[in-house]
Amino acid sequence: MTKRKWMIIGVTLGILALFSLVLLTTFKFQSNHEDIIEDLTDNESEEIVFQNSSDMSERDIRILVEEKRTTLKQFFENAKYYNISEISRNYTKEDDEKYIVVDENFLNEFRTLVTEEIYGRYWDELTEITPDTDALVNSRVHRGSKELFDTIASDSAISLYNVNEEILILESATNDRIVARENIKLCPEELEICSRNDFYRLILEKDQDVWKIAEFQEKIE
């Protein structure tokens with residue numbers, strides 16, 4: 001074999017070796033880059049581990065919390081409010097835009113669903129008024145701001161508006177207290193992402209052997 005042919009073979013082998021080295025280096029870089037992305041994804045998706053030291057099973061706790069939350073939600077969905085001008089002649093139609101009126105039935109039922117601390121928040125914002133003798137109400141009534149319950153309907157664990165998905169996440173439980181969070185989401189079918197994805201603290205506490213909601217409006221940022 002001539003010297004020229006040996007040179008051609010040598011150059012060809014050198015080119016092949018260099019090409020293989022470049023491929024190996026590129027593959028290694030891509031593999032390392034993919035590993036970094038996967039690690040970041042894992043770090044961002046920390047899962048809450050439910051800590052249960054109660055005598056109840058996780059299933060029973062989940063059912064209990066959801067029943068209490070649903071009952072409170074239905075209470076506000078079906079709540080009856082009065083126009084203040086229809087209750088007392090001391091108020092005008094314009095006052096209907098400033099106040100709502102609730103009766104004793106509303107307050108008594110609300111009190112059975114939440115703790116005294118929660119109930120007190122709203123009781124302190126109410127003022128008793130005297131209804132007209134011909135008003136269509138047969139119990140004591142109280143006046144409150146028109147917006148008194150607005151945040152409950154729009155910004156809480158029992159949100160009535162801008163929600164089409166609700167996810168209960170349990171955090172911890174004892175025989176007297178259950179801590180959870182409610183994921184309130186609005187995910188329109190025509191959109192690839194949810195336009196709302198909020199979390200609210202949801203706490204139940206036992207009050208004289210009756211489970212009541214102790215928190216449902218604290219937003220978790």
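Reader: Is β2 enclosed or open, and why?

Author: This is a predicted model. In it, β2 is largely enclosed by the rest of the structure, because four of its five residues are buried.

Reader: Which strand does β2 pair with, and which way do they run?

Author: Strand β4, residues 141–145. The two run antiparallel and are joined by five bridges.

Reader: What stands opposite I100 there?

Author: G144, in β4.

Reader: On to α4. Which of its residues are buried?

Author: E104, F106, L107, F110 and L113.

Reader: What covers the buried residues of α4?

Author: The cover includes α2, α5, β2, β4 and β8.

Reader: And what caps the N-terminal end of α4?

Author: D103 does. One of its side-chain oxygens lies 3.2 Å from the backbone nitrogen of N105.

Reader: Back to F110. What is it in contact with, leaving aside neighbours within four places in sequence?

Author: L72, F75 and F76, plus I118, Y119 and Y122.

Reader: Now the largest nonpolar core. How many residues, and which touch the most other members?

Author: It has 36 residues. Those touching the most other members are L72, F76, F110, F149 and F216.

Reader: Which elements give two or more residues to this core?

Author: Three helices: α2 (58–77), α4 (104–113) and α5 (116–123). The strands are β2 (99–103), β5 (165–173), β6 (177–186), β7 (196–207) and β8 (210–215).

Reader: Which one gives the largest share?

Author: α2, with six residues.

Reader: What about a second core?

Author: There is a separate one of nine residues. I84, I87, V137 and V141 are among them.

Reader: Switching to sulfur. How many disulfides?

Author: The count comes to one. C187 and C194 form it, with their sulfur atoms 1.9 Å apart.

Reader: What is its handedness, and why?

Author: The disulfide is right-handed, because the torsion about the S-S bond is about 90°.

Reader: Next, E215. Where does it lie, and is it buried or exposed?

Author: E215 lies in strand β8. It counts as buried, at 12% relative accessibility.

Reader: What does the E215 side chain make a polar contact with?

Author: The side chain of R121, at 3.1 Å.

Reader: What else does E215 touch, not counting residues up to four places away in sequence?

Author: The list holds I118, R121, R201, L202 and I203. I118 is also in contact with F110.

Reader: Zoom out. How many helices and strands in the protein chain?

Author: Six helices and nine strands.

Reader: What percentage of the residues is buried?

Author: Buried residues make up 36% of the 221 in the protein chain.

Reader: Last one. Among contacts between residues at least 6 apart in sequence, what percentage joins residues at least 24 apart?

Author: In the protein chain, 56% of those contacts do.

Terms used. Residues are numbered from 1 along each chain as its sequence is written. This is a predicted model: local features need pLDDT of at least 70, side-chain atom pairs count only at pLDDT 80 or more; totals for chains, interfaces and linings use all residues. Side-chain values use heavy atoms; hydrogens and water are left out. Buried means under 20% relative accessible area, exposed over 50%, partly exposed in between (1.4 Å probe, protein chains only). Contact means heavy atoms within 4.5 Å. A nonpolar core is a set of buried Ala, Val, Leu, Ile, Met, Phe, Trp, Tyr and Cys residues joined through side-chain atoms within 4.5 Å. Two strands pair if DSSP finds at least two bridges between them. A polar contact is a pair of N or O atoms within 3.5 Å; within protein, one must be able to donate a hydrogen and the other to accept it, and residues adjacent in sequence count only if both atoms are side-chain atoms. A disulfide is a pair of cysteine sulfur atoms within 2.5 Å.
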